[in-house]
Amino acid sequence: MARDRRFLIAGNWKMNGLLKDGVDLAKAVAAGADGRKAELLVCPPATLIKSVADAVQGTAVAVGGQDSHYENEGAYTGDVSPVMLKDLGCSYVILGHSERRAYHGESDEEVKAKAEAAHAAGLVAIICVGETEQQRDAGETLPVISTQIYGSVPEGATPQNTVIAYEPVWAIGTGRTATPEQAQDVHDHIRTYGMATYGPDNWEGVRILYGGSMKPGNAAELLSQPDVDGGLIGGASLKAEDFLAIADAADALM
Ligand code: PGA
């Protein structure tokens with residue numbers, strides 16, 4: 001294998017799908033999962049997790065949540081805890097997605113507490129970071145990313161319990177994608193900054209995913225960058241054919 005880090009192709013379904021759609025999509029993804037080199041993950045809305053986990057059981061598709069609380073139980077109406085996700089068969093959880101940061105006011109500090117709880121529950125935390133267009137235009141991208149990493153990633157992070165997703169906010173759901181060079185620049189920065197902050201042994205193997213309008217047509221060039229270790233895919237993960245085509249692009253590079 002040419003790469004030390006195994007590609008992770010993760011679908012973030014966001015708030016999409018009723019029961020039948022979700023199960024059909026999960027089955028279609030599972031049907032194309034056999035014999036792959038890249039790891040496949042689907043993150044359905046909380047309402048579908050159990051059904052999706054049942055539908056992909058015994059296949060190579062992993063299941064994750066889209067958010068989880070920093071407590072395992074208690075008076076937190078509407079929230080879902082990491083042990084609950086684990087209980088349903090999840091192995092991953094997405095934390096600190098920019099939509100959660102923007103619409104639910106999640107701070108770095110809160111994301112870090114959630115990641116600690118996810119780790120304690122035995123989940124791999126996919127911690128999201130990314131700059132806004134205004135921050136990029138002001139030349140603040142790299143410092144913004146460092147601040148988010150420092151604030152959101154707990155000290156006990158390792159390649160086994162943590163994945164980072166770099167998702168430029170201006171590229172999410174907009175059809176605009178970072179160029180492979182823009183992505184690699186930030187991924188390289190995350191690698192270097194993380195190694196200095198958390199120690200090379202704890203960080204060199206951490207997978208850094210790109211997210212933001214990744215699709216079959218641009219996946220190969222993004223994934224061919226040395227520090228792009230997979231994708232966090234929104235829109236294109238809702239069609240099994242597109243999601244699997246992105247996984248094909250990853251497999252071809254491994
Ligand atoms: P997108 O979403 O692929 O639809 O841009 C990615 C994400 O927000 O995780």
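These questions and answers walk through the predicted model shown above.

Residues are numbered from 1 along each chain as its sequence is written, and side-chain values use heavy atoms, without hydrogens and water. Because the model is predicted, local features need pLDDT of at least 70 and side-chain atom pairs pLDDT 80 or more, while totals for chains, interfaces and linings use all residues.

Student: How many helices and strands does the protein have?
Tutor: Both are DSSP runs, numbered from the N terminus. Helices are H or I runs of at least four residues, and strands are E runs of at least two. The protein comes to 11 helices and 8 strands.

Student: Why does the protein count as compact as a globular protein of that length?
Tutor: The radius of gyration is taken over C-alpha atoms, and the globule rule is 2.2 Å times the number of residues to the power 0.38. For 254 residues that rule gives 18 Å. The protein is close to this, so it counts as compact, with a radius of gyration of 17 Å.

Student: What share of the residues is buried?
Tutor: Buried means under 20% relative accessible area, exposed over 50%, and partly exposed in between, with a 1.4 Å probe and protein chains only. There are 254 residues in the protein. The buried share is 54%.

Student: Which residues have the most contacts inside the largest nonpolar core?
Tutor: A nonpolar core is a set of buried Ala, Val, Leu, Ile, Met, Phe, Trp, Tyr and Cys residues joined through side-chain atoms within 4.5 Å. The largest one has 61 residues. Those with the most contacts inside it are I9, I164 and I190.

Student: Which helix gives the most to this core?
Tutor: The core in question is the largest nonpolar one, with 61 residues. Its top contributor gives 7 residues and spans residues 240–252. That is helix α11.

Student: Which residues does I9 touch, beyond those up to four places away in sequence?
Tutor: Contact means heavy atoms within 4.5 Å. The list for I9 includes L223, G230, G231 and I233. It also includes F243, I246, A247 and A250.

Student: What is the angle between the planes of Y198 and W203?
Tutor: Rings of Phe, Tyr and Trp (its six-membered ring) pair if their centres lie within 6.5 Å; planes under 30 degrees apart are stacked, over 60 edge-to-face, and the rest tilted. The search finds 3 aromatic pairs. Y198 and W203 form a stacked one, 4.9 Å centre to centre, with planes at 15 degrees.

Student: Over which ring does the charged end of R3 sit?
Tutor: A charge sits over a ring if NZ of Lys or CZ of Arg is within 6 Å of the ring centre and within 35 degrees of the ring normal. K112 lies over the face of Y150, at 5.8 Å from the ring centre. R3 is 4.1 Å from the centre of its ring, that of F7.

Student: Where is V80 found?
Tutor: V80 is partly exposed, at 27% relative accessible area. Leaving aside neighbours within four places, V80 is in contact with A46, S68, H69 and L85. Its place is the loop between β3 (61–65) and α3.

Student: Is S98 buried or exposed?
Tutor: S98 is found in helix α4, residues 98–103. Beyond four places in sequence, S98 is in contact with V169 and I172. At 16% relative accessibility, S98 counts as buried.
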